[in-house]
Each structure stands twice: as C-alpha cells, then as structure tokens.
Amino acid sequence: MLALPGSAFASVFVEAARSPERIEAARWSTELPYFRWLHAQLPEPFFHTQAFLLFLLVVAVAYWMVPRRMNSARVWLLVLASFHFYAAWNASLALLVTVTTLADYLFARLIERTETPRLRKLLLFSSIGMNLGVLCYFKYRGFFLNELHSLVGSFGFDAGYRTLSPLDILVPFGISFYTFEAISYTVDVYRKKIAAERSLPHFMLFILFFPHLVAGPIVRAGDFLRQTRRIKRWNWLRVQIALQLFLLGVFKKLAIADRMAVFTDGAPGLPGPFLAPELHNTGALWLALMAYALRIYCDFSGYSDMALGLAHLFGYKLTQNFNMPYLATNVSDFWRRWHISLSTWLRDYVFIPLGGSRAGAWATNRNLLITMLLGGLWHGANWTYVLWGAMHGLLLVAHRQFRAWCETKPALDAALRTQAGTVLRVLVTFLAVTLCWVFFRPEWDKSITMLQRLFGLYNGLGLPLHNRSLWYTVLFVMLCHLLVAKGIWQKFWNRAPGTVLGAGYACCLILALVLAPEGGKTFIYFTF
Amino acid sequence: MERIHPSSRLSRRRAVPALAAGAAVFVLLNAGLGLWAEQLPRIRDPYYGDKFVKLKAKAARPDRGPLVVVYGSSRTGFAFNGTLVEQTIQDRGGRVAAFNFGIPAMGPIGQLLYFRRTLADGVRPDFVLVEVLPSMFARAPDGPREQHWMTGDRLLRHELGTVERYGYSTPDVRGRWWESSLVPVYGLRFQLLGRVIQSWIPWQYRQDWSRGTDESGWCTPYKDVITADERAFATARAKDEYAKVLQTWVLDDTLAATLDELLAECHAAGIPVKLLRMPESAEFQAMAPPDVRTRIDAFVRSRGVPVIDASDWLDAGDFTDGHHQLRGGAAKFSKRLAEDEILPWVSGR
C-alpha cells in the first residue's frame, strides 16, 4: 500500500468508482446468458429503483398466492428470489454465497451431533475460518498484500508481486453482513444457545433473505429461524406497516441523504468539500461535516427502514437498527442507538468473549479498544476506518473514565442530568461523533486535509449549494426526532383516521420525489 | 416499528382506507399536475414560459413599434439588452419593441420549437434574428448536443416527433417525457422547485433563468467588471467545454436542415429573418482552427438569408469567459446592433 502512496491509492480508488462500466464489462463477459439477461432486468441491487419494485411486486404476488399451509414452498420461493436478486448483480458471487451457506449449514449440524469437545471446537473453527477466509480474501487481501508489499519494499526487498488496485478487487455486496450472521449462528450452535437448523431452505433464507442480504441489519439465527417456521397470514395492516417503513426509508434516502450528498460531494463540475477539502473555506467544511452526519444517518437508517418494510411485507420482522442516534447523551449511548445489530454483535461475539467489563478497568478499556478497532476494520479495508474505530474506542474509554470521575462529584453529576446538562451532553456527543466521520472514507490525505482546515481560518470556496436547504433539513430532522421522542407521533398514529394516514403517505412519497437531486447516489454501507 | 400495535382493531380496520387514500392522493395529484403541465408551459418549460409571459406583455403594448425577437443561446441572453436597443432607436427617431429569447444551451432545435410555440401562443414577431452557435451544429456520435439540455421533460407531446426527426434518442426523450407526464412530481421536480425554492437546486439543474430577466428578456450579467484571475478561470472552463468540439467541428447536416426549416417557416409566415453570429474574444475564436472557421463561415453564409457577423465587435475585456458578455460588453453590442443593423432593417420595411 505504501508503495502506492496514500493519495495515489485513493485516486485509483476514486477512478475505479468512476469507471464502473469497465468492471461491469469485464465481469459480465464471462457470465451465462441467463444471468446476463437477469442483470439487464435488475441492474442494481437498490430498493428504490423501478426495476426492484417490479421484482418485488412479482415476488410478493407469487408469495402470497402460495397457500399458507405450504410454508416450505413459500420459503423456497423467497430463497430463489433472494438468489436471483444477488445473481442479478453477480452470478458467480451468488453461487459462492450459496456454497458457503450450505457449508455453514453442514458445519452446524455436525457440531450439534458431535459430543467430543475437541472435534466440536475444530468444526467451529473450521466454519469461522472458512467465513473469515472468504471475507479476508475478497475484502482485505488488497489491503494486506499492499501493506506487505510496502513493508518488504521499505527494507529494500522486492515483494515479487505488483500492488493491487481497487480495480483488481471485487468485494461482494454485503459480505461483511452475511459473514457475521453465519459466524454468530455457528457460535450459538456451539454454545448450545440454539439448535442447529434442520431445514436447509429455512437456513438458506436466514442468510440469503434479500431485504437484509446486502446491507443488513445483521440478523441473529435465534430471532429469524423461528419466524421461518411461523405460518404467515395475509392482512392489509401488514402491507400498510411495510409501506410506511418503506416510504420512511425512501424519504430519508432521497429527500435527505442524497440531498445532503450535494453539500458533501458537490454537483457535476463542482466537487464538494468532502471530495476537495483543499478548495473550501473553513465554514463550508464545518457545514459539510454536519451535512455528512445527516447524510450517513439517513442513508443507512433509510436503507434499514426499507429492509424492515420489505421483510414485513413477507411476514418477517428484522432487528431494529437505529434509534435516533444523534439524541445520544454519550458515545456509549450512541452505540446503543447506531447500527444496533452490529454493536450488539460486537458486544456478544468480541467484547464479552474478550472478558467484557468483568476484569477491571484496564482490561475493560483494552477490550473496548480492541472491539472498536475490529469494528472499524469491519467497515473498510483501510487505515482510515481503523483510525475511525480507534477514535470511537478512545471516546468510549474516555467516557467510562469521565463517568467514574463524575460519580465522585455529585454536584457535577446532578448538573449534567438537568435538562440543560442533557442538551449539552447531546451536543458534545454529536460533535465528537461528527468529527470522527472525517475519517469514515478510504482517502487518508483528504481526511487529514479536512481536519487541518476545520481547525484554522481558511479561505476558499463555499458550499456547492445555498446553505438554506441544509439548515431547513437540520431543523426538520430535529423536529421529527422531537415528535418521536415525546411520543407525539405515536399518539397521532394511534388516533389518526386511515384516510389522513394515507394522505400522509402520499405526501411523504411526493416530497421525497420532489426533493430528490439528479442522479441517485449509491448507499454508503453497500461498500462494506 | 416497535411501537405499532398490529393487533389493535382500529389499526386493522383503517389499513385499507389508508392504503387506498394514499394511492388515490398520489395518483390524482400526479395526474392533475401532468395535465396542468401540458397546458401551461411555465410549469413544463419555465425557460420558455417565463420569457413568453414577458414577450406577450411587450407585444400587447399599444404604442410599440415593430417587434424584433432574437432567438439564441445564453450568449444572446446576456448580450442583447432590449431596453437599450429600444432606447437607442428611439433616440434616432425610430420605434421598435425588442425582445431577447436567449436561453442557455439553445441550438437550432430549441430555436425552431420556441419560434413555433411563440406563433402558436399568439405572438407574431415582425422581425426575427436567429443566433448561430457553431458548437450546436457539430456532428456528434450520440446525436445533437442540445438533447442534453433541451430534454424530454421540457417538450410538449406534439414536439417529440420533431426532435426525433432531428436526431434525439427516442428511448431517452420519450422515456423522459412519459416520466414527466405520469410522475411529474419527479420528472418535473426541478421546474416545480424552481418556482418555490430555487436555492434548493444546484445551479446546473435550475430552470428559473427566465424569471430573473428584465421585461425585454435580457439576463443582466452578474458583474460589471471582473479580475484577471476570474477571467482566466472562466476562460479556462469555457475552453474545457468548447475546445474539443471546435477543433474537430464537422457540420451535422440534419441540424443544418433544422435551421433551414426555421428560416423557411419565417419566410412562410412573412417574417423577415437574419442570422446573427455573436461576439467572441480572439482567444475564444482561436479554439477553432482556420479550416474549421472557414467551414463555419461557409455554412452560415450559404443559408440564403442575410448574416450579421458580430464576431469581432468586442474586445476580450468585454467578456467574462471569451463569449459571455459583461454589462459593458452587452451595452456596446446592443447599441451597435441597434444602430447599424436593426434601425436600417426596420426602417426599410
């Protein structure tokens, strides 16, 4: 990696991101005609495209046409649909995911049948090794090989291979998500928390179910598999709730996240503060940072809402992934509200096995740091993500120390618990989390430039768009948070007539469409 | 999600009304807006609609002289100060009503359509000037360059056949038109937002340009003077945009036929017409090699109508970027055009 300087690597990455047609052409030239046709029908695995909505309509109609006593047929139908959904993006990788899923199914069955502890452990590590091996091969090999290349080179030796550019590396969509799902399953079976699933289609649906396949939430076998066995009955309320969640996600994505992307990334011919921080003034960078905080929240939680809505349409309930994270009063609280399925996974399968908080302050802080470093690396194969994880780890450690110190200062503790103190804590937490977002991308040099210019008085370009729409969006999001936090939205939902709710849905969709900027942006978390 | 109680009877009872009402409101709103947009050009194509309202007001003035309309690009938009033209001619004892129909990125197809719309909407110019923007006549592998700006959502249904005849991509233009008609809240979102909250749209997608013009359709240049650095930056951007097209310029015969059709329709309507080549700085002109300049000249002069060649009328300091004029440049150009060309033309009618 250092053989290619950070900026060069970043520029290659950007170039790769801007040359998808090269990657596409090379990839599809080797696929079977059927999959090429499939790709033409469903070119992108995004939920808010016309092609996907047509796919969804076909699958939903077919699903509910199958009599409910034929639950296995329904499950098979969803497995096939999910496979096609993934294969439309990349048929070879869809086969790979299917094969590793089959292997995990067999490993878990064998673990359950085996009595010998050593053999059970061997089987467990084989399953974890296979999953992590596939993950490392696709997601981390470029990072590790390039780092090794530069390390060897720094001692004056030739590594004997060329560095890999992002064009050489095809990361399967959602690999980080379904790998963690598979690992948690075999670990739970090994720990005898759950029984190994006997039905192959049910297990395949757990991993491949298209609403959560590419960007989570990370579902747990214990939660999901029992739902596969439950008989689902059609009712309109299910459709209404599914639609409500889906519309909420579409609104967050189109009206907020994609709009905020104009402030961060700019418009054609006009790179924004995140793409060219060296060109922008300090004020614009701070505003763009706030826009990025909104963007990433609405982008990912919008996707999660859509996923929850889609799953609900088929009678499945996925884990809630967000709970108004920017209302968190400290960073620990933030991680209980942000990407909940990942933070609970890291807690259960990394932090607690490391010893959790049971072995004293030092060990707890060490465990927190290790967990968050891994969490950072989970997001992306780059030092910037590792640093982002480390920053959050340090914030968690600092918060623990501060909390312990506050317990010895009752007056301060009481002051922080007042309404004003709570507002202050929310603001400080938001500021800390937002500053960490500077490193949440692969371009190291841009992150450093941005950080430097944030804490100086630099002249330069302003925001790519008038900041009025940014402030209105911030106020709107705050108002929505307030309505939900005070329970006003829930009261309204319980009492409002159906026609009023329906008009609200229409207005929500219309607003999302009217406010959508030109050219849809991909979901940020799809790259993880 | 967690707080919704699917089992409550009220929730179950109102699900169908909620879904039905949602679908009905969405469909009715879109249908209404789609129909409205087809009737009202200010919704579908504010570039045209907003200027046409001003043109109509000018044409309705009882004491006006002959109506001179210039159809052109943003060059015309920034350069042709109709009020100054009228004043200049009035100072010399003449009378004229001058209107600037310059629209960003407008080429021969847009000029033809806008001329037709003007007549169809009840305003008949007495004299027409047609700007020739050479880059818009360049042959391109994917069809006319104009299709990237004069997109399907800005067109009326009966105009689709015309643009397809002149090289627009049928799936693109029809797809965009259908999208803007069936789901206008999405297909016409920039037009709609531009009427209410312009600042929410990146400038590349704003369509409220014509609203900000004066009563004669002139878009007042933003600045009176600019620094050398600003001019260098703007000129470099103009080169990025035009150099490649002008260096390899080959006439697209289909687009030449579009211009001929416009000229023929002017003749058929009994409206005198002239072609206008707008001023360019020497640096801008130098982007086109000599042989290309010769070919462009030959093309313009062979259309069978008089040509006003204003290419060399202004100095580099009169432009922001070598082809868009500053206020001073616009004043010089408008005055000279009025004195040397328009006054003799309308007087000799």
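Which residues in α6(B) meet which residues in α12(B)?

Author: This is a predicted model, in which local features need pLDDT of at least 70 and side-chain atom pairs count only at pLDDT 80 or more, while totals for chains, interfaces and linings use all residues. Residues are numbered from 1 along each chain as its sequence is written, chains are lettered from A and ligands numbered from 1 in the order in which they are written.

From α6(B), the residues B:Pro108, B:Ile109, B:Gln111, B:Leu112 and B:Phe115 meet B:Leu255, B:Thr258, B:Leu259, B:Glu261, B:Leu262 and B:Glu265 of α12(B). Here, two residues are in contact if their C-beta atoms, placed from the backbone, lie within 7 Å. Helices (H or I, at least four residues) and strands (E, at least two) are DSSP runs, numbered from the N terminus. By class, this contact has seven nonpolar, two polar and two charged residues. Ala, Val, Leu, Ile, Met, Phe, Trp, Tyr, Cys and Pro count as nonpolar, Asp, Glu, Lys and Arg as charged, and the others, Gly among them, as polar.

As to geometry, the axes of α6 (residues 108-120) and α12 (residues 253-268) of chain B come within 8 Å and cross at roughly 25 degrees. Axes are lines fitted to C-alpha atoms, for helices over the stretch in contact, and angles run from 0 to 180 degrees between N-to-C directions. The crossing angle therefore makes α6(B) roughly parallel to α12(B), a term for angles under 35 degrees. The crossing of α6(B) past α12(B) is left-handed, that is, the near helix is turned anticlockwise from the far one by less than a right angle.

Chain B also contains an open sheet of five strands in the order β2-β1-β3-β4-β5, with parallel pairing; two strands pair if DSSP finds at least two bridges between them. Its edge strands, each pairing on one side only, are β2 (97-102) and β5 (307-309) of chain B. Neighbouring strands of this sheet are turned by 20 degrees against each other on average, direction ignored. Within the sheet, β1 (residues 67-72) and β3 (residues 127-131) of chain B run parallel and are joined by four bridges. B:Val70 has B:Leu129 as its bridge partner in β3(B).

Beyond chain B itself, 34 residues of chain A are in contact with 30 residues of chain B. Eleven residues, the largest share of the chain A side, come from α23(A).

Notes. Parallel < 35°, antiparallel > 145°, perpendicular 65-115°, else oblique.
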